[in-house]
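Here's a quick tour of one protein model, written for someone just getting started. Have a look at the picture before you read on.

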Amino acid sequence: KSWAVMPTPPQMLQLLCNVNIYAPTPLGIKDVLIAGNKIAAIYDHGQGQIDIPKQWHVNIINFEGATLTPGFIDSHAHITGGGGEAGFATQVPPVGLTEFTHAGVTTVVGLLGTDDTTRSTENLLSRVYGLREEGMSAYCWTGGYHYPLTTITGSAKSDIVFLEPVIGIGEFAISDHRSSQPTFEEVIRLASETHVAGLITGKAGIIHFHLGDGEKRLALIEQAIRDTELPARVFNPTHVNRNKALFEDSCKLLTQGCHIDLTAFPAGTAQPGWEASDAIEMAIERQLPLEQITLSSDGGGCLPCFDPQGELVHMDFGRASTLGETLVETLHKGLPLEQVLPMLTSNVANILRFKNKGQIAVGFDADLLIMNEKYEITDVMAQGVWHKQNNQTIIKGTFE
Ligand code: ZN
């Protein structure tokens, strides 16, 4: 298996020619040299083939002006499968590799949600390692919805410090009937643990909060920013577009220095909240600090589908493909790619402290997407290896 994934020596150098780079800043038409799993050089179009020595055996691919972007970073996915909220039979199975890579996600951060009882951090971490073996970049949050946290080593702090893929706490539930009804003291104790662990390790060191539809909304976070010395960046609420009042409060939180995370709900399921594309449009219109806004998929989470009488018709689960769909919706609204793309790439890398990801720049990881003129993702490279080419899946997960 690993022989199929590892690039053989003649493919170690690849020149992606004639690509229109959004890095996510627009750079124009360029040629990009990939060496192993890194971006080695960016040339003006045509210059690469002149400058690169002939004996280097570079595999040259001409993309004829197609758009090249960084791979998406999905900070919120139930990689072990989420759900289980309507009986044991509703536990979602583990999410396969191509569910992410085919949708343009080259880096994922896995987590536990409501069910942090039958599901464990050990199991989550093993799925992270599995996705890495299959060729994508993967990390995870420790804990889950509830206090006390589900951990491996006994505390969030030591999980983050000693377990390399663990970057912070999440998704920790507040303002939700499924939460542990955490107190203010419990919330700030956890926030201090992840903050200090982040300082020790250079990892994200944040607490990624699941927000429910409860009336207290962001009150615990607002109080923590007001009454403690903890930096606002430590408090990272997600699902903030799930209802309109919560979205308004979240916009105010941006001005305090928080980073907020929108969920790319599948089309037609955002009620009573905002579709992520609507929320992004409002953020741009209101001239909010866009660099503090990120978008994630909730992939693998449970999505019950009800008929008009409220009867459960079938169970589905969240998919990473809603990220790309949201991006296309924003472009249909006339929003510029360079304003929306950072929410799936560089903004996420920034808050998660992924130093080599989220941008097309020399020395960064070769996690790249090719998009056609309709901004459909046709080609996906993760760690310098093609996972999808010409819309065809090249690398599948072990059981796909
Ligand atoms: Zn959640």
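What follows covers a metal site, a helix and a set of paired strands.

This is a predicted model, where local features need pLDDT of at least 70, side-chain atom pairs count only at pLDDT 80 or more, and totals for chains, interfaces and linings use all residues. Residues are numbered from 1 along each chain as its sequence is written, and side-chain values use heavy atoms, leaving out hydrogens and water.

**The zinc site**
- Three residues hold the zinc ion at 1.9 to 2.2 Å: E171 (OE), H210 (ND1) and H239 (NE2).
- Along the chain, these donors (N, O and S atoms within 2.8 Å of the metal, or 3.2 Å for Na, K and Ca) follow the spacing E-x38-H-x28-H.
- E171 sits in strand β9 and H210 in strand β10, 39 residues apart; strands here are DSSP E runs of at least two residues, and helices are H or I runs of at least four.
- E171 is buried at 2% relative accessible area, and H210 is buried too, at 3%; buried means under 20%, exposed over 50% and partly exposed in between, with a 1.4 Å probe and protein chains only.

**Helix α6**
- Helix α6 covers residues 184-201, and its buried residues include F184, L190 and H195.

**Strand β16 and its partners**
- L368 and I370 point one way from β16, L369 and M371 the other, and all are buried.
- β16 pairs (at least two DSSP bridges) in the antiparallel sense with β5 and with β17, over four bridges each.
- T67 stands opposite M371, while I370 has D379 in β17 as its bridge partner.

Terms used:
Expected span 1.5 Å × (residues − 1).
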